[in-house]
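Subject: Structure handover and notes

Hello,

Here is the structure I promised to pass on to you.

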Amino acid sequence: MSAQLIDGKKVAARVRDEVAEAVAQMKEKHNYTPGLATVLVGEDPASATYVRSKQRMCERLGIHSVGHTLSADATQEEVETLVAKLNADPNINGILVQLPLPKHLDEEAVLNTIDLEKDVDGFHPVNIGRLAMKGRDPLFIPCTPAGCMELLADAGVEINGAEAVIVGRSNIVGLPMAMLLQKANATVTICHSRTKDLTEHLKRADIVVAAIGWAEMIKGDMLKPGVAVIDVGINRVDDDTRERGYKLVGDVEFDSAAEVAGAITPVPGGVGPMTIAMLMKNTLRAAEIALAK
Ligand code: NDP
């Protein structure tokens, strides 16, 4: 392997330490503790695990966390009433509605209900709109793309003037990532399932962000030498040599890509740890906004 390994665990630990320190100072100076409320609707095991790990991280960093769980058949009104209650709660600075919501619920309407100043996931349409517009800044940047930017900065990757190719255009990763990179003066191409010749685009990229959800789809021979690769994908593939019967891989074939790339994130241990760290940072920011009022 010739590429520099971009160590998400290390960068996430640094972000968490900074948040913990700022939280401690906020308590000392202002007698104020940031608070995060999580809203889980239904019993999807993966969502429940994500919510638990977010709550545990709050505890570790000194952030007050309150979990709300509604049944899988909760009505739109019940969910929105809970969000409205949390909007009005002065002890809660951030509201995280765990997605995806059950299919009968209107996700957009729920996200619209969240107070802009408590939108720590950064998914409120106004925050996304500000991210897209020139000269405007969102209050919060979605956590996974924000984590990718932090990794690029830590690895010393030059974004200004770079050719960046994002593979994937989801609302939570691909699209905000593209907006962040263009705001940082990259020339951005967004590829997706209808892109005719993915390799042609990838071959000119100085920065590749893969957010597809397809195990090891991007191979080393599709990349330009020296490229910085941020692999957001988390995919389970069967692995009989492991007790649990599977391993986690990214959307990029790590071994072949690491031979060509200048820098690359591993999976696991790359983007994954950054997402929760950036959520903690956003919650701290929400508390700072509340304190400033
Ligand atoms: P989505 O399924 O919402 O989006 C996938 C995107 O990939 C779509 O835009 C889709 O295109 C595109 N795509 C699918 N097939 C191809 C193809 N053959 N060529 C090019 N593009 C293709 O996924 P998410 O954005 O939510 O997640 C992407 C990955 O990132 C997943 O593995 C997920 O687990 C992981 N993830 C990791 C996080 C972390 O913290 N590390 C956080 C969030 C997600 P189209 O729009 O045309 O359908």
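Before I go on, some ground rules. This is a predicted model, in which local features need pLDDT of at least 70 and side-chain atom pairs count only at pLDDT 80 or more, while totals for chains, interfaces and linings use all residues. Residues are numbered from 1 along each chain as its sequence is written, and side-chain values use heavy atoms, with hydrogens and water left out. Helices (H or I, at least four residues) and strands (E, at least two) are DSSP runs, numbered from the N terminus.

Back to W214: this residue is exposed, with a relative accessible area of 53%. Here exposed means over 50% relative accessible area, buried under 20%, and partly exposed in between (1.4 Å probe, protein chains only). Leaving aside neighbours within four places in sequence, W214 is in contact with N235, G250 and D251, where contact means heavy atoms within 4.5 Å. From C-alpha to C-alpha, W214 and E243 are 23 Å apart in space, and they are 29 residues apart in sequence.

Six strands form an open sheet in the order 1-11-8-7-5-6, with parallel pairing; two strands pair if DSSP finds at least two bridges between them. Strand 1 (4-5) and strand 6 (187-191) stand at the edges with a single partner strand each, so one side of each has no neighbour in the sheet. Strand 5 (residues 163-167) is joined to strand 7 (residues 207-210) by four bridges, and V165 stands opposite V208. Strand 7 also pairs with strand 8 over four bridges, with A228 as the bridge partner of I207. Strand 8 (residues 228-231) is covered on both faces: A228 and I230 on one side, and V229 and D231 on the other, are all buried. Two bridges link strand 8 to strand 11 (residues 263-264), where I264 stands opposite V229.

The chain is divided into domain 1 (31-115) and domain 2 (142-273), with bounds that come from an automatic or database domain assignment. Their C-alpha centres lie 29 Å apart.

Helix 3 is worth a look too. Helix 3 (residues 76-88) has 13 residues and reaches 19 Å from its first C-alpha to its last, close to the 18 Å expected at 1.5 Å a residue (the expected span is 1.5 Å times one less than the number of residues). Its buried residues are V79, L82, V83, L86 and N87. They cover an arc of only 145° around the axis, so they lie on the same side of helix 3; the arc is that of the directions from the helix axis to the C-beta atoms. On the other side, E77, K85 and A88 are exposed. The buried residues of helix 3 pack against strand 2 (35-41), strand 3 (64-70), strand 4 (94-97) and helix 4 (107-113). Strand 2 and strand 4 run parallel, joined by four bridges, and L36 has G94 as its bridge partner.

Finally, T283 in helix 10 (residues 272-292) is buried, with a relative accessible area of 0%. Beyond neighbours within four places in sequence, the contacts of T283 include L36, N93 and V120.

Best wishes
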